[in-house]
Amino acid sequence: MVLAPELISLIDQKASVECGYTNLLHSSVYISQLNAHINGTCELTKHEIESKIDYLAGCMTITLDHPINELEFLRVRLCEGQNFTNVSDLSYIKETSCSFPKVGRLNLTGQALFYASIPVKQDDMALRVVLSEAQAKQFDRLNELRSHQVNGTVLYLRIIGIWEQVRRNEKPYYLSQDTFDYYTEARKHMIKQFSRELLFAYELTDRFFADILSRQGSERLYQVTSALSNVFLTEKCDGVLYSSVKAKGEPVVALRPQVVDDKLEHQFATEVFIEKSFGYEFYQFKTLAKTSDIDKMSGKLEW
């Protein structure tokens, strides 16, 4: 496994110019302050949150531009007994305003993102995950949209928590061995070049982001997590992959709207009825209907 020259150069540069002790001190203090804000024991201003997140995400992370292919995506929305008629109703929010949508896990107020789970295994886990993310309840009726990555396209995703999984040599089942090996080689080079304190600073930041993105949502939490959007979701990054809140370890993503338009193709939609909700991602449900076609031009759903 050969690392890209640009990545080697980036790691080498960081190792030569950054002070491990100073970075570790700043990282730990900022993380402590952000956690205190989330827990309500201190109050940070919007600017303070953004500046601390900007430092952690911009300086204390390594971005790997390693392409991912052939992913599928599952997204649901409560339909209240009336099936939606257009795919736009199930995709990202197209008509935004300065106050809608509300601030969320990774979206700022007024920012639309495409939240979905990733089906990997041939079972119903991905649907159960996305139902739990949508907080589906007993007797709810929802429409599920299944989409896949267009052939020949690549996705560049920021994978949150990957460095801890690499450290433990625990490959997430949704990552290919090739992708995981690439991250493994990158960490080996970091270990070789970084001081112990500098490596700790990067791993601490990775652990913090994985932690806050998998916590139960709250207004204070979203004030912190949504600030990641400005740093992570650039033109070079298609989206963020992180762990589900209810189903720990299961992959969910937030994609930029332009990525959905350019790199995803919607396959079909179904109507799902929740018979029982047992908690976490455990549901008993049945599929009531499935679309026969999605018009590629108009987006009309044919049930």
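In this predicted model, N169 is exposed, at 59% relative accessibility. N169 is not a glycine, yet its phi is positive, at about 55 degrees. The residue sits in the loop between α5 (162-167) and α6 (177-193). A second case of positive phi in a residue other than glycine is F139, with a value near 75 degrees. F139 belongs to the loop between α4 (125-133) and β3, and at 57% relative accessibility it counts as exposed. Most residues other than glycine have a negative phi, and most peptide bonds are trans. The bond from F100 to P101 is cis, with omega near 0 degrees. P101 is placed in the loop between β1 and β2 (114-117).

**Strands**

Strand β1 (residues 72-78) runs antiparallel to β3 and is joined to it by 7 bridges. In this pairing L74 stands opposite R146 of β3. Strand β7 (residues 264-279) is also antiparallel to β3, with 9 bridges between them. Here L142 stands opposite V272 of β7. In a regular strand the side chains alternate between the two faces of the sheet.

**Salt bridges**

The model has 17 salt bridges. Three of them are listed with the distance between nitrogen and oxygen.

| Pair | N to O distance |
|---|---|
| R207 and E164 | 3.2 Å |
| D238 and R256 | 3.6 Å |
| K300 and E302 | 3.7 Å |

R207 and E164 form the salt bridge at 3.2 Å. R207 lies in helix α7 (residues 196-213) and E164 in helix α5, so the contact ties together parts that are 43 residues apart in sequence. R207 is partly exposed, at 43% relative accessibility, whereas E164 is buried, with a relative accessible area of 13%. Both residues also belong to a network of salt bridges that links E164, R167, R168 and R207.

The side chains of D238 and R256 meet in a salt bridge at 3.6 Å. D238 is in the loop between α9 (228-232) and β5 (239-243), and R256 is in the loop between β6 (251-255) and α10 (257-263), so this pair ties together parts that are 18 residues apart in sequence. D238 counts as buried at 4% relative accessibility. R256 counts as buried as well, at 18%, because the cut-off for a buried residue is under 20%.

In the pair of K300 and E302, K300 is partly exposed, with a relative accessible area of 44%. E302 is also partly exposed, at 33%.

**Aromatic rings**

The count of aromatic pairs is 7. The ring centres of Y30 and Y55 are 5.4 Å apart and the planes stand at 85 degrees, so this pair is edge-to-face. Y30 comes from helix α2 (residues 20-39) and Y55 from helix α3 (residues 46-59), so the pair ties together parts that are 25 residues apart in sequence. Y30 is partly exposed at 22% relative accessibility, while Y55 is buried, with a relative accessible area of 17%.

Y173 and Y174 form another edge-to-face pair, because their planes are at 75 degrees, with centres 5.9 Å apart; the cut-off for this class is over 60 degrees. Y173 is partly exposed at 30%, whereas Y174 is buried at 12% relative accessibility. Ring pairs also link F208, F209 and F232 into a cluster.

Two rings have a charged side chain over the face. R75 lies over F114, at 5.4 Å from the ring centre. K290 lies over F268, at 4.3 Å from the ring centre.

**Helix α2**

Helix α2 also holds Y21 and S32. Y21 is exposed, with a relative accessible area of 58%. Together with L25 and V29, Y21 forms a nonpolar surface patch of about 300 Å² of accessible area. S32 is partly exposed, with a relative accessible area of 46%. From S32 to F208 the C-alpha to C-alpha distance is 9.8 Å, although the two are 176 residues apart in sequence. F208 is also one of the residues in the aromatic cluster with F209 and F232.

Notes: Residues are numbered from 1 along each chain as its sequence is written. This is a predicted model: local features need pLDDT of at least 70, side-chain atom pairs count only at pLDDT 80 or more; totals for chains, interfaces and linings use all residues. Side-chain values use heavy atoms; hydrogens and water are left out. Rings of Phe, Tyr and Trp (its six-membered ring) pair if their centres lie within 6.5 Å; planes under 30 degrees apart count as stacked, over 60 as edge-to-face and the rest as tilted. Helices (H or I, at least four residues) and strands (E, at least two) are DSSP runs, numbered from the N terminus. Buried means under 20% relative accessible area, exposed over 50%, partly exposed in between (1.4 Å probe, protein chains only). A charge sits over a ring if NZ of Lys or CZ of Arg is within 6 Å of the ring centre and within 35 degrees of the ring normal. Patches are made of residues with over 30% relative accessible area and no salt bridge: like charges are joined within 9 Å, nonpolar side chains (Val, Leu, Ile, Met, Phe, Trp, Tyr) within 5 Å. Accessible areas come from the Shrake-Rupley method with a 1.4 Å probe; for residues, only the protein chains shown count as cover. A salt bridge is a side-chain nitrogen of Lys or Arg within 4 Å of a carboxyl oxygen of Asp or Glu. Two strands pair if DSSP finds at least two bridges between them.
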